[in-house]
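Here's a quick briefing to read alongside the sequence and the 3D view. Keep both open and click through the residues as they come up.

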Amino acid sequence: MKKSSSILVNKKDITTIAIGGFDGMHFAHQKLFKNLGEKGGIVSIESGFSNLTPKSYRQEYSKYPIYYYVLENIKHLSGKEFIDLIKEEFPNLKKIVVGFDFCFGKNRKNCIPQLKELFQGEVVVIEEIKVDGISVHSRIIREFLKDGNIEFANKLLGKNYKIFGDQIKGQGLGSKQFVPTINLRVEDFLLPKEGVYATKTIISEKKHNSVTFLGHRKTTDGSYAVETHILDKNIKNSYRTVQVEFIKKLRENEKFDSFEALKEQIQKDILNAKNILSI
Ligand SMILES: Cc1cc2nc3c(=O)[nH]c(=O)nc-3n(C[C@H](O)[C@H](O)[C@H](O)COP(=O)(O)O)c2cc1C
Ligand SMILES: Nc1ncnc2c1ncn2[C@@H]1O[C@H](COP(=O)(O)OP(=O)(O)OP(=O)(O)O)[C@@H](O)[C@H]1O
């Protein structure tokens, strides 16, 4: 995980900021960042509900330093008080970049006209960014992920959806009965719909082709699991943090009548995943 570079860049050196929540650091967010120029920074207002790129995972997706503000601590501020705070925090601020729907201050009562009124510098407003006719927003991306529509979620993100997890001990059944898997505990990230996915798994900075199962193991112990099987390598070691990038959903989670039937299906999943990942 990349550490926030905001600790390295003094706020006094920032002349342009983009303001928003920025969960996902998606395609439209990236369009805003393109207007930041040389001395840009990102002001991220933390709602506490970010689960596409939880706070400490956001810096990986931008070269600009991210400065976090907790919504709970600032939501009582009037529009003027919020802008005054921003001006105080960034004393050399010349330009603010926001999207078409940006609103701020108590009860989000202030929007673009008030921003232009209250901030004396330049205000750049990015028009609505759509992909295939759909407006790009974190909340829309979450819905596609919950639906298992990874391909469209990735399109709106402008990259593959990625989660981080810590390896945990599984049932010990995988390598004996089925295929070896890395079992993960995932916190803070939104998990896509239950099912089987073609994925890429990053271990110690190396990316491997993989197939990942998410869901209740209806065929074995019934408990919820996130399990990744690496396709091109036999993984024996244990690893602390593992990253999984989702590429495409292969099928729904199913209950099989026997371990043999599940094993047969897993072999089909592996072939399908290889096909999708072109290996
Ligand atoms: C590609 C793949 C597909 C899977 N599909 C299902 C499934 O449809 N239903 C199910 O109950 N378990 C499924 N599993 C989970 C297995 O039940 C699980 O890997 C097995 O119980 C071993 O668990 P362990 O790693 O904790 O030992 C799948 C696992 C993999 C790797
Ligand atoms: N589709 C878009 N087109 C242009 N600007 C956008 C778009 N989506 C977000 N922005 C801008 O990006 C900044 C960050 O916004 P925000 O974090 O609310 O993103 P969001 O994806 O709309 O999130 P949510 O779905 O939670 O409302 C804001 O300035 C916002 O106006």
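Helix 5 and helix 6 meet through I140, I141, F144 and L145 on the helix 5 side and F152, A153, L156 and L157 on the helix 6 side. By class, that contact is made of 8 nonpolar residues, with no polar and no charged ones. Bear in mind as you look around that this is a predicted model.

**How helix 5 and helix 6 pack**

- Two numbers do the describing here, since a pair of packed helices is characterised by the angle between the axes and the distance between them.
- For helix 5 and helix 6 (residues 150–157), the angle is about 160 degrees and the axes are 8 Å apart.
- Angles over 145 degrees count as roughly antiparallel, so helix 5 and helix 6 are roughly antiparallel to each other.
- The handedness of the helix 5 and helix 6 crossing is left-handed.

**Around ligand 2**

- Helix 5 (138–146) turns up again here, as it supplies at least two residues of the shell around ligand 2.
- Which element gives the largest share of the shell around ligand 2? That would be helix 1, with 3 residues.
- There are 20 residues around ligand 2, and the ones that come nearest are G20, G21, A28, G99 and H137.
- Sorted by class, the shell around ligand 2 has 10 nonpolar, 7 polar and 3 charged residues.

**The chain as a whole**

- The chain is built from 8 helices and 13 strands.
- Along the principal axes, its C-alpha atoms fill a box of roughly 70 × 35 × 35 Å.
- Of the chain's 279 residues, 32% count as buried.
- Take the contacts between residues at least 6 apart in sequence: 69% of them join residues at least 24 apart.

- As background, most residues other than glycine have a negative phi.
- E205 isn't a glycine, yet its phi is positive, at about 65 degrees.
- You'll find E205 in the loop between strand 10 (195–203) and strand 11 (206–216).
- Is E205 buried or exposed? E205 counts as exposed, because it has 6 C-beta neighbours inside 10 Å and the cut-off for exposed is 12 or fewer.
- S278 is also not a glycine and has a positive phi, of about 55 degrees.
- S278 sits in the segment after helix 8 (259–276).
- S278 has 6 C-beta neighbours inside 10 Å, so it counts as exposed.

**Loop residues to look up**

- L231 lies in the loop between strand 12 (224–230) and strand 13 (241–251).
- What does L231 contact, leaving aside its neighbours within four places in sequence? The list is N209, S210, V211, I270, A273, K274 and I279.
- A273 is 42 residues from L231 along the chain, and their C-alpha atoms are separated by 8.7 Å.
- Q59 belongs to the loop between strand 2 (40–46) and strand 3 (66–70).
- With 21 other C-beta atoms within 10 Å, Q59 is buried.
- Q59 and E252 are 193 residues apart along the chain, with 33 Å between their C-alpha atoms.
- D257 is in the loop between strand 13 and helix 8.
- D257 counts as exposed, having 8 C-beta neighbours inside 10 Å.
- Although 38 residues separate D257 from T219 in sequence, the two are 7.4 Å apart in space, C-alpha to C-alpha.

**A strand residue to look up**

- Y68 lies in strand 3.
- Y68 touches S44, E46 and K55, if you don't count residues up to four places away in sequence.
- Y68 is partly exposed, with 15 other C-beta atoms within 10 Å.
- Q114 is 46 residues from Y68 in sequence and 23 Å away in space, C-alpha to C-alpha.

Notes. Residues are numbered from 1 along each chain as its sequence is written. Chains are lettered from A and ligands numbered from 1 in the order in which they are written. This is a predicted model: local features need pLDDT of at least 70, side-chain atom pairs count only at pLDDT 80 or more; totals for chains, interfaces and linings use all residues. A residue is near a molecule or strand if its C-beta atom, placed from the backbone, lies within 6 Å of it. Helices (H or I, at least four residues) and strands (E, at least two) are DSSP runs, numbered from the N terminus. Ala, Val, Leu, Ile, Met, Phe, Trp, Tyr, Cys and Pro count as nonpolar, Asp, Glu, Lys and Arg as charged, and the others, Gly among them, as polar. Axes are lines fitted to C-alpha atoms, for helices over the stretch in contact, and angles run from 0 to 180 degrees between N-to-C directions. Angles under 35 degrees count as roughly parallel, over 145 as roughly antiparallel, 65 to 115 as roughly perpendicular and the rest as oblique. A crossing is left-handed if the near helix is turned anticlockwise from the far one by less than a right angle, and right-handed if clockwise. Two residues are in contact if their C-beta atoms, placed from the backbone, lie within 7 Å. A residue is buried if 20 or more other C-beta atoms lie within 10 Å of its own, exposed if 12 or fewer, and partly exposed in between; C-beta atoms are placed from the backbone.
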